[in-house]
Amino acid sequence: MTKFAWSIKKFSKNSKARIGTISTPHGKIDTPAFIFCATKGALKSFTTNEAKKNNTQIILSNTYHLMLQPGSEVIANHGGLHKFINWDGPMLTDSGGFQIFSLGHGSVADEIKGSSNIKRNKSLLNINEEGSLFKSYVDGAFKLLSPEKSIEIQRNLGADLILVFDECTPFHVDKAYTNSSMKRSHRWATRSYNRFASDILYKSGYGSAGEQKLYGIVQGGIYDDLREESIDFNLNKIDTFGIAIGGSLGSSKEEMYRVVNFTAPKLGNKHPIHLLGIGDPRDIWSLVKSGVDTFDCVSPTRLARHGSALTKGKVGKINIKNKKYANQISPIDETCNCPTCSSYTLAYIHHLFKAGELLGLQLVTAHNIFFMNKLMSDIRNAIDNDNLDDAEKEWLS
């Protein structure tokens with residue numbers, strides 16, 4: 001069986017970008033890579049077999065949602081998420097911290113769009129030293145998600161790569177709260193690591209599907225000195241396989257780029273670096289240059305469900321429900337080799353959405369997944385060929 005390993009194959013000559021390989025017991029991931037979100041154990045109308053056919057390397061599921069439905073014990077009884085969802089490949093689970101954040105404040109995408117007036121959701125009741133208390137959307141019961149509980153659930157879920165429990169702070173809180181939250185997240189990370197290394201439920205470092213590896217998370221919001229402190233904690237105070245960049249990335253694209261450009265290079269080369277919740281192709285082109293190895297976001301499949309297909313160029317997507325596509329006898333992209341573009345016209349897919357046929361969102365999902373995997377493959381090739389900037393200009397022009 002393949003053991004866990006992280007190796008860098010080549011560095012870009014003009015940036016911090018690198019191509020590498022994350023080896024796991026369930027397969028290898030060529031990086032930079034995109035991780036698709038099967039939040040509740042499903043890719044929203046798309047099977048894992050189809051995801052594999054469209055060159056998907058790794059998918060993500062969510063601790064918060066799966067603890068509520070169907071429960072991590074049910075999944076453990078199947079032998080873990082891989083068997084539960086029929087996925088023969090690497091998997092990652094997040095810790096539930098982001099969902100606790102979104103209960104109270106909305107999504108990272110909302111923040112980047114500048115939506116600072118998000119109303120607090122009453123499902124989030126309290127965050128304290130013990131963990132996060134919230135009200136289940138499934139049955140209304142009160143639930144406490146602690147660092148220990150998050151790790152126990154993730155060990156039951158059995159993903160290859162799992163995350164420490166943290167609080168993702170919104171950008172509109174002040175520095176004092178960001179600092180206090182970061183320090184609490186560090187204490188939670190230590191507790192997460194200790195539970196991961198314990199023999200409760202499974203032997204140390206193992207879950208329901210075999211060996212696992214833990215990722216730390218860098219917090220600190222938009223403040224450089226706090227990010228520095230969190231970087232030091234993750235590099236020197238806990239021993240993890242990978243490190244994720246989390247927390248608030250600011251209220252604009254420019255601020256997000258600045259935070260990631262400041263943080264990622266300081267994490268060095270010992271760990272694969274993951275950026276939580278970012279998936280716009282234009283952002284990926286820019287942020288791989290900071291040394292980010294993996295990205296995740298719900299946007300490719302979410303956009304597909306609403307009729308938007310990802311495309312090259314400045315706009316980045318088209319809305320197939322727009323009436324101008326009603327008579328278009330061409331595919332979404334003449335140069336795309338995905339099953340959708342190889343077999344179906346824009347006019348047909350437009351018709352499917354107008355008729356309320358589920359096949360429409362399935363076809364666009366197939367295209368968007370293929371598109372993102374082709375994007376990452378082209379980025380890897382560009383790094384390998386030392387023409388990352390030229391390749392980016394060609395993609396986005």
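Which residues of helix H16 (residues 388-396) are buried? They are Leu388, Ala391, Glu392 and Trp395. Buried means under 20% relative accessible area and exposed over 50%, with partly exposed in between (1.4 Å probe, protein chains only). The four cover an arc of only 100° around the axis, which puts them on the same side of H16. That arc is taken over the directions from the helix axis to the C-beta atoms. An α-helix has 3.6 residues a turn, so residues three or four places apart point the same way. Exposed Asp390, Lys393 and Glu394 sit on the face of H16 turned away from its buried side. Cover for the buried residues includes helix H11 (281-287) and helix H15 (358-384). Contact means heavy atoms within 4.5 Å.

This is a predicted model: local features need pLDDT of at least 70, side-chain atom pairs count only at pLDDT 80 or more, and totals for chains, interfaces and linings use all residues. Residues are numbered from 1 along each chain as its sequence is written, and side-chain values use heavy atoms, leaving out hydrogens and water.

**Whole chain**

The protein chain has 16 helices and 18 strands. These are DSSP runs numbered from the N terminus: helices (H or I) of at least four residues, strands (E) of at least two. The radius of gyration is 20 Å, close to the 21 Å that the globule rule gives for 397 residues, so the chain is as compact as a globular protein of that length. The radius is taken over C-alpha atoms; the rule is 2.2 Å times the number of residues to the power 0.38. Buried residues make up 58% of the 397.

**Sheets**

Eight strands close into a barrel, in the order E4-E5-E6-E10-E13-E14-E15-E16, with parallel pairing. The twist averages 30° from one strand to the next. An open sheet of 3 strands has the order E1-E2-E3 and antiparallel pairing. Its edges are strand E1 (5-11) and strand E3 (27-31), each with a single partner strand, so one side of each is left without a neighbour in the sheet. Two strands pair if DSSP finds at least two bridges between them.

| Strand pair | Sense | Bridges |
|---|---|---|
| E2 (residues 18-24) and E3 | antiparallel | 5 bridges |
| E4 (residues 33-37) and E16 (residues 294-297) | parallel | 4 bridges |

Threonine 24 has glycine 27 in E3 as its bridge partner. Alanine 33 stands opposite threonine 294 in E16. H15 packs on that sheet, touching E4 and E16, and its direction makes about 160° with that of E4. Axes are lines fitted to C-alpha atoms, for helices over the stretch in contact, and angles run from 0 to 180 degrees between N-to-C directions.
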